[in-house]
Amino acid sequence: FAQFKDRVLLIVNTASQCGFTPQLTGLEQLHKKYQAQGLVVIGFPCNQFLGQEPGSSDEIATFCQKNYGVTFQMFDKVDVKGDQQHAIYQWLTDPSKNGWNSEVPSWNFCKYLINEEGKLTHFFGSKIKPDNQEFIATYK
């Protein structure tokens with residue numbers, strides 16, 4: 001993550017077959033609108049919630065680009081909770097590592113905001129859409 005130094009990171013666990021999947025459009029809009037100001041949107045596909053992300057990494061990337069015009073970075077599919085939890089989610093969900101937050105994704109499209117100094121500043125659940133004004137105000 002050194003490549004993101006001095007940038008604001010928005011980390012989101014995504015899924016292609018979820019009721020929240022249309023949020024990919026809003027995330028892409030944020031990416032385009034605020035990337036010049038330092039916002040980096042990063043998607044982590046996850047298949048831990050009712051198998052709503054069954055595809056391979058290539059299939060996921062193609063789906064997201066074709067159906068939602070996604071150009072922000074999508075990592076390979078990861079576990080966001082449990083024994084095989086990815087290292088970034090270990091940090092995001094452990095207060096002894098991030099300073100305050102213990103919120104583990106309870107569903108797809110949970111959002112974590114990390115400021116330019118590398119500090120986790122906000123957690124937003126799945127129902128908070130990318131165009132929510134309170135959400136936007138956290139990184140503008």
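How many salt bridges does the count come to? The count comes to two, where a salt bridge is a side-chain nitrogen of Lys or Arg within 4 Å of a carboxyl oxygen of Asp or Glu.

A word on the source. The model is predicted, so local features need pLDDT of at least 70 and side-chain atom pairs count only at pLDDT 80 or more, while totals for chains, interfaces and linings use all residues. Residues are numbered from 1 along each chain as its sequence is written, and side-chain values use heavy atoms, with hydrogens and water left out.

Take Asp6 and Lys5. Their side chains meet in a salt bridge at 3.9 Å, N to O. Asp6 is exposed, at 52% relative accessible area, and Lys5 is exposed at 60%. Here exposed means over 50%, buried under 20%, and partly exposed in between, with a 1.4 Å probe and protein chains only.

Next, Glu28 and Lys32, whose side chains meet at 3.8 Å, N to O. These two are four residues apart in helix H1, residues 23-34, so about one helical turn separates them. A helix here is a DSSP run of H or I, at least four residues, numbered from the N terminus. Glu28 is buried, with a relative accessible area of 4%, whereas Lys32 is exposed, with 54%.

Last, the largest pocket. A pocket is an open set of points on a 1 Å grid, where a 1.4 Å probe fits, with protein on both sides within 12 Å along at least five of seven lines; lining residues have an atom within 4 Å of a point. This one is lined by 13 residues, with Phe1, Leu9, Ile114, Asn115 and Gly118 nearest its centre.
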